[in-house]
Amino acid sequence: ALVKGTQVAGVFTQSKTAAAPVHWCLKQVGRGRARALIVNAGNANAFTGKIGTAAVKAVVDAVGEKLSLSPNRVFSASTGVIGEPLPYDRIILKLDDLVHDLSEDAIEDAARAIMTTDTYAKGACAEVQIGTKTVRIAGIAKGSGMIAPDMATMLGYLFTDAKVPQPDLQFLLTEINQSTFNAISVDSDTSTSDTVLLAATGKSEVAVTKETEEFKEGLHFVMRELAHLVVRDGEGASKFVEIEIFGAQNDQDAKTHAFAIANSPLVKTALAGSDPNWGRIVMAIGKSGAVADRDRIKIWFGDILVAKDGFVAPSYTEKDGATYMQRAELKIKVDIGLGRGRFTAWTCDLTHRYVSINADYRS
């Protein structure tokens, strides 16, 4: 539950088969106010037709009744199996308990409750000084599989006690989302349920706008930390990988190259096997569709120059590459050599464990 007057902003999946709660939230976020969030895990309420829409309405109506507020101030989200009707009556039966257990210090419990294949609860927080006053920002997220950037690719809930006009709140969330949640990928698949909400309660009475740099930095830190936690907990993952592209013709080309590498099954399986197969990175750049010139590309594993001038670097040795690839945290850098465009993406490796998790997810 949120205090009266809370402003809300949201970003949502771009999936053409978005879940029923996403459609509900899209309709409500334009009103700019929120008083309650209700989230369930285990059932996505996606591809459930009119039954799914009715389920959302029944839940938000019941929450509104229990908390004596308009259902239009209630935001709903569901995550889990697609195509199964949501047993919403079971949620409604638990509402009295949920209302009774409301607490200002139960955010960790909420983070655990929304987990599906996650192996740990994900949370981050920051305090920023604005003048002589302190503003707090906190967030929780869930996500482990079906993670690919196309808005948010997960569920995320961010809260601040700053006083922020709703248009500024939406601007900040949309902008920072591009370099945080929209810069991660586990498996290149975009969820039907992606929802990230940012709520500003205003309780601190500290006024913030989209131009307030201290607040922007704090919000970016929290969102980036949550995004990284999602990748680190990628289904079956054993490695956390940063892919930095620079020297591209423009930023969009840099992003295209970055995700061609991040989403390549051949690159990701090489990472899982600690194989310094830099040829797969060359392949990914070449197939991306963004502009590249073979003879201008430079590739690094960490600080090790691997390739340049259209061939393997004279100083590179397979032993150095193999030793580096044993690390749990890796960085791949690529200079496209054509301009000033840049983008950084984060991904993980693709292991046998990922296949095992998803081969019997429904059963």
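Predicted model: local features only at pLDDT ≥ 70, side-chain atom pairs only at ≥ 80, totals over all residues.
Seven strands form an open sheet in the order 7-14-9-13-10-11-12, and their pairing is mixed. Strand 7 (184-185) and strand 12 (311-312) stand at the edges. Each of these two has a single partner strand, so one side of each lacks a neighbour in the sheet.

Inside the order, strand 10 (residues 298-301) and strand 13 (residues 329-335) run antiparallel. Four bridges join them.

E244 sits in strand 9 (residues 240-248). Its relative accessibility is 14%, so E244 counts as buried; the cut-off for that class is under 20%.

The E244 side chain has polar partners. Beyond four places in sequence, E244 touches K331, I332, K333, V334, R342, F343 and T344.

## Salt bridges

The whole structure holds 16 salt bridges. One links D97 to K94, with the closest N and O atoms 3.9 Å apart. D97 is partly exposed, because its relative accessible area is 41%. Another joins the side chains of E108 and R112 at 3.0 Å, N to O. Both residues belong to helix 5 (residues 107-113). They are four residues apart, about one turn of the helix. E108 counts as exposed at 52% relative accessibility, while R112 counts as partly exposed at 41%.

A further salt bridge brings together the side chains of E329 and R232, at 2.6 Å from N to O. E329 lies in strand 13 and R232 in helix 7 (residues 213-232), so this pair ties together parts that are 97 residues apart in sequence. E329 is partly exposed, with a relative accessible area of 46%. R232 is partly exposed too, at 37%. Salt bridges with shared partners also join E242, E244, K331 and R342 into one network.

## N40, a buried polar residue

N40 belongs to strand 2 (residues 36-43). Is N40 buried or exposed? N40 counts as buried, because its relative accessibility is 13%. The N40 side chain reaches the backbone oxygen of N43 at 3.0 Å.

Leaving out neighbours within four places in sequence, N40 is in contact with A77, S78, T79, L86 and I91.

## A nonpolar surface patch

Which residues make the nonpolar surface patch? F47, I82 and M146 do, and the patch covers about 310 Å². I82 is in the loop between strand 3 (74-81) and helix 3 (88-93). With a relative accessibility of 35%, I82 counts as partly exposed. Patch residues need over 30% relative accessible area, so I82 at 35% passes that cut-off.

How values were computed
Residues numbered from 1 in each chain as written. Heavy atoms only, no water. Patch = residues over 30% accessible without salt bridge, like charges linked within 9 Å, V, L, I, M, F, W, Y side chains within 5 Å. Areas by Shrake-Rupley, 256 points an atom, 1.4 Å probe, with all protein chains shown as cover. Salt bridge = Lys/Arg side-chain N within 4 Å of Asp/Glu carboxyl O. Buried < 20%, exposed > 50% of the residue type's maximum accessible area, 1.4 Å probe, protein only. Contact = heavy atoms within 4.5 Å. Polar contact = N/O pair within 3.5 Å; in protein donor to acceptor, adjacent residues only side chain to side chain. Pairing = 2+ DSSP bridges.
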